[in-house]
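User: Please examine the model shown below and discuss how its chains pack together.

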Amino acid sequence: MTESERNVLAGEYVLGLLEGEALKAAEAQIRTDANFAALVQNWENRLMPLVEIVPDLVPSSLVWNRIAVATRPPAVRAPGLVQRWLAGFSKRFYAAVAALGVAFALMTLSFFMHTPPEAERQIAVLNNRDGGTFVVAETKTTLVITPHNVTLPAGRVAELWLVVPNHAPQAVGLFQSGGSLNMAIPKSSVSGQSLAVSLEPPGGAPGSTPSGPIIAEGAFTIL
Amino acid sequence: MDEATAIARAELSACLARIASADHAALEYLYKRTSAKLFGICKRILSDTAAAEDVLQEVFLIVWNRAGQFDPTRGVSAITWLATIARNRAVDRLRAGSQGIVSIDEAEQVVDTSPLADHYLETAERDERLNACLSKLDERTATAIKQAFFGGLTYQKLAIRANIPLATMKSLVRRGLLQLKICLES
C-alpha cells in the first residue's frame, strides 16, 4: 500500500466509513503500526474543527448529578452532605426529626428481632430535594429502606445504588414509595458507604448505571 | 493564536492535569466550561436527547479515568481531545444502537450553520482553514465528508443519499481526502 493509500485509509477510518473486515484490519493496524496510528491522529486533528460549527447546547443539570455521584470520593461527600444538611436546616427540620424517629423505631425493632445484637450497625438518611428522606438502616443481614414523605412520579420506581469512587455505581434494589423494604446487604458494602437513589422505569435501570435522575444521596454513619 | 485563546487552552490543559490526580473540583470546573460544547456535538450526532446525555456522562467518566493520557506536548488542544472523545463515542453509539440517523435536513444544516461567536476554546484560524479547504472541494464531496463525520454514515448510505453509484462515492471521498490533506498542509 502506498503512503497516500495509507493516508486515505486513515481518513476513512476517522470519518467512520470503514465496515466489517476493513474496520477490524484498520483497528488492528492502529494497535501494531505506530506510523498508521499517527496518520489516524493527524486526521482527527484535521477534521475535529468541524465540531466548531455545531452550536453549544446546555445539558440538563441531571447529567452532572449522575457524573458527580459516579466520581465523587467519599472523603469529599461527607462534609458536603453535612453542609447541605445545615444549609437547608430550617426546611428540613421537621422531615429530619420524623426521619430520626423512624430510624430509632427501626433500630429498636431490629434490636429485638436480631439476637445477639450486631457489633456494628450503620444508618444513612438520604435527603430528597423536595424535603423527603430515605432512611437506610443496616442490620446484620439486611438493609431496611424506609421512604418518608417521598412521592414517586407515576410509572417510576426508586433504585438504591452503592456509590464506589472511580467505579460505576452498584445497584442494590428497587422499591416503591410506600412502606419499608428489606434488601440483602451487597458484599461490597463498606463502613461509611455512600449511597444514592435514582428514579427508574419499572424493572429498574436498563443498563449498569442509573438511567434516571438521582433524587437523593448520602452516606452511612456508624452507630 | 490570540492571548485569550492561549490562556484558555493552558487553563484547560492544567485542569486535565488536576483531574488526572483525582481532583474532583477540577472535573466540575471542566464540566462547566466544556459540557455545552460537548453536549452540542453529542446531540448533533445522536438527535435523541437521552442518548446524547448518556454519551456526555460517559465522556466525563472516561475523562475522569483517563485524563492522564492527555499530552499537551503533542500539539492537540484539550478541547480537541475532549471533542474527539465525544464525537467518537456518539458515532459509536449511533452505529451500535437503533438511534435515529441525522436527517438530511439536519445534516445540511451543518453546512449552513455559521460558527458561534464564543471562540475562547479553539483558534478560529484552524476552523477557517478547514472550511476554506472544504469549500474548494466538489460540493457533493464536501457534503459527503461532513455527513460521514457527523452522521456515522457508511459509503453505501452516502451513495444512496447523493443518488450516485457506490464506486463513484468511494472515489469522490478518497480523492477529496487527499485534496483536503494537501490543502490543509499547504
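User: How is the model numbered, and what limits apply to it?
Analyst: Residues are numbered from 1 along each chain as its sequence is written, and chains are lettered from A and ligands numbered from 1 in the order in which they are written. This is a predicted model, in which local features need pLDDT of at least 70, side-chain atom pairs count only at pLDDT 80 or more, and totals for chains, interfaces and linings use all residues.

User: Which helix gives the most to the side of chain A that touches chain B?
Analyst: Two residues are in contact if their C-beta atoms, placed from the backbone, lie within 7 Å; the contact takes 35 residues from chain A and 46 residues from chain B. On the chain A side, α1 (3–15), α3 (34–47) and α4 (61–71) each supply at least two residues; helices are DSSP runs (H or I, at least four residues) numbered from the N terminus. With six residues, the helix that gives the most is α4(A).

User: At what angle do the axes of α4(A) and α3(B) cross?
Analyst: Two packed helices are described by the angle between their axes and the distance between the axes. Axes are lines fitted to C-alpha atoms, for helices over the stretch in contact, with angles from 0 to 180 degrees between N-to-C directions. For α4(A) and α3(B) (residues 49–66), the axes come within 10 Å and the crossing angle is roughly 35°.

User: How many residues of α4(B) are buried?
Analyst: A residue is buried if 20 or more other C-beta atoms, placed from the backbone, lie within 10 Å of its own. Helix α4(B) is largely enclosed by the rest of the structure, because the buried residues number 14 of the 19.

Technical notes: A residue is buried if 20 or more other C-beta atoms lie within 10 Å of its own, exposed if 12 or fewer, and partly exposed in between; C-beta atoms are placed from the backbone.
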